Amino acid sequence: MKGEKTSADAISFRDRLRALNNIPRLLKMVWETNPYLTIVTVVTRIILAALPVAILYVGKLFINEVVMLIHNSDKTLSHSYLWQLVAIEFGLVITTNALNRVILLVDVLLGDRLSNYSFMRIMTHASKLDLEQFEDSVFYDKLERARQQCIGRTVLLTNVFGQLQDTVTVCFLISGLVLFNPWFTIILFISTLPSFLGEYYFNNKNYSLIRSQMERRREMEYISSLGTSDITAKEVRAFDLSTFFVNRFRNISNRLYFDIRALETKRSAWAIILAITGSVGYYSAFVYIIQKVLMGSISIGDLTFLLGSIRQVSGVLQNLMKRFSTVSQGAIYLRDFFEFFEIMPKIKLPVNPKPFPRPIKEGFTFENVGFKYNNSTKWANRNLNFTLHAGEKLALVGENGAGKTTLVKLLVRLYDPTEGRILLDGVDLREYDLAELRLEIGIIFQDFLKYQMTTTENIAVGNISEMNNHTLIAKSAKKSLANIFIEKLPKQYDQMLGRHFQQGVELSGGEWQKIALARAYMRDAQLMVLDEPTAALDAKSEYEVFQRFSELTKNKSALLISHRFSTVRMADRILVLEKGELLEVGSHDELLHQNGKYAELFELQAMGYR
Ligand SMILES: Nc1ncnc2c1ncn2[C@@H]1O[C@H](COP(=O)(O)OP(=O)(O)OP(=O)(O)O)[C@@H](O)[C@H]1O
């Protein structure tokens, strides 16, 4: 997508050099992943780096010995030195092969470990970031680039180690050549330079292109998941959307493909032209040495040693230069990876958190609270002034988009208010430890997750530290009335839920909702927040669940969001929100009496049942 490229995507030579600073960080990560395998690969590569020059040198001694034996008239001379040399060379070749296999093995193992370690680090860091950051597309691109780095990590690792190994090999080989004629090295170096510059230029272009395509690629991934996921399968079929998705995927992928094809074709054409200079350098040295042999100034053994060295230096130099751009390329992608870890949560934790009140005495007070989403100019909540008293059951009512869920998110500090403050027992929420605050609030969102895991795990996520507390899990299921259908499942609490994995059982919407409710009962929270907790329940279940809920949370505070007035009317007080602001407050009867918005909404719903 030419139009999508921005100047921010272009990388200067300085950027590339600076990106190389990431290589030591990568090596540190490799070491942290597995120090033993790291030592094995480094030591093996150093030995392997010295072997080519050793083989060439033994070869030279061997040929000189053969020539000497052929030309010597004394046929009784011992051949034992000759056979010793053959045996040494044989040993060196076998060692080279064996060590190459060791490196292949170690690199695969280390790459796998490193890739998983990187994924785990990303998951851990991502979990510390704010919800707001996940709603930002620039952040998402960064996260995606970091994730992709984990997948391609084995290749980069092999390249970095290969680069180190080849540098040592070249040093060994060049020492032999320099002794013979230093110009060789210079000619070989200069002749490989054009190829290197070409690779460097095109890698740069490639990086900018891939980076500029990132958002489009995410879109492709999204469309592909729409077409292939079990969650979307129902709707895709019902609306016959598959051709629409396939065409959309094809259009985007074609546009990206044409840009890549243009660049790669150009790169290949230039590579062919630039490789010619490398061959010219190599054959000039070749011709020079042959002439020296013909003049009798160097031996046949020297000839084989030099030709072998030149051929190898030329090859290894080309590899080194080619790989330099690949490695510096990888280093730039690594920069993306490490940059991800530099993103810090905006929600600040207090240095000396206040002890969390247990029990809560006054409650949560919203003082002139307003909130605007980062990507929006509109206030989602504004001028909120109310107190959720200790032990009180409060319901939030309002039309879609009135700001109910946002208010709840502010309460658990998924976001901090843009203006105003929320107090708990007179102290700003920001002064309490965030983990403790969240532990004291049992919250179930309307879009709660349906984990493709066992029943036990699905309930235990409400308080993961109690994962093995089967008594508590069963008790929570009983409180939410989920126990009734769980006991009828083939494997009950060990039953795999959902259809992703073998022998999984899919639950109905209402059954999933009861599982989600059980999560809220998993912790001894002082405040229960239920966002649309009964939307999927039938009328009888809803009544039973709420009877239970009222009994179980007698002295606890609760905040309920619901569009169902049968649920709402059970609350002590009801807050009616409109366009993010508080419109009415009171009990069900008081609000009906006021004959305002609540009464209007209630009447509308009641009419539907008449
Ligand atoms: N992540 C977000 N980024 C930007 N705006 C958002 C985001 N989430 C919600 N909004 C906007 O904030 C406003 C309040 O949304 P909120 O989800 O709080 O409403 P709600 O009352 O819970 O609605 P519903 O009854 O449909 O669940 C809406 O205008 C919505 O478009």
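Residues are numbered from 1 along each chain as its sequence is written. Because the model is predicted, local features need pLDDT of at least 70 and side-chain atom pairs count only at pLDDT 80 or more, while totals for chains, interfaces and linings use all residues.

The protein has 22 helices and 10 strands. Both are DSSP runs, numbered from the N terminus: helices are H or I with at least four residues, strands are E with at least two. The C-alpha trace spans about 125 × 55 × 50 Å along its principal axes. The radius of gyration is 35 Å, whereas a compact globule of 610 residues would have a value near 25 Å. That radius is taken over C-alpha atoms, and the globule rule is 2.2 Å times the number of residues to the power 0.38. Buried residues make up 30% of the 610. A residue is buried if 20 or more other C-beta atoms, placed from the backbone, lie within 10 Å of its own. Of the contacts with a separation of 6 or more, 78% join residues 24 or more positions apart. A contact requires C-beta atoms, placed from the backbone, within 7 Å.

The domain assignment gives domain 1 (15-71 + 79-342) and domain 2 (356-440 + 550-610). These bounds come from an automatic or database assignment. The domain centres, taken over C-alpha atoms, are 58 Å apart. Contacts link 4 residues of domain 1 with 4 residues of domain 2. The domain 1 side of this contact divides into 1 nonpolar, no polar and 3 charged residues. Here Ala, Val, Leu, Ile, Met, Phe, Trp, Tyr, Cys and Pro count as nonpolar, Asp, Glu, Lys and Arg as charged, and the others, Gly among them, as polar.

Helix 11 (residues 242-294) has 53 residues. From first C-alpha to last, helix 11 reaches 74 Å, close to the expected 78 Å. The expected span is 1.5 Å times one less than the number of residues. The buried residues of helix 11 are Gly278, Gly281, Tyr282 and Ala285. They pack against helix 8 (182-212) and helix 12 (300-342). An α-helix has 3.6 residues a turn, so residues three or four places apart point the same way. Glycine 296 follows helix 11, with a positive phi near 80 degrees.

The ligand has 13 residues around it, of which Tyr373, Ala380, Asn400, Thr405 and Thr406 come nearest. A residue is near a molecule if its C-beta atom, placed from the backbone, lies within 6 Å of it. The shell divides into 3 nonpolar, 8 polar and 2 charged residues. Helix 13 (residues 404-411) supplies the largest share, 3 residues.

How values were computed: Buried ≥ 20, exposed ≤ 12 C-beta atoms within 10 Å, placed from the backbone. Contact = placed C-beta atoms within 7 Å.
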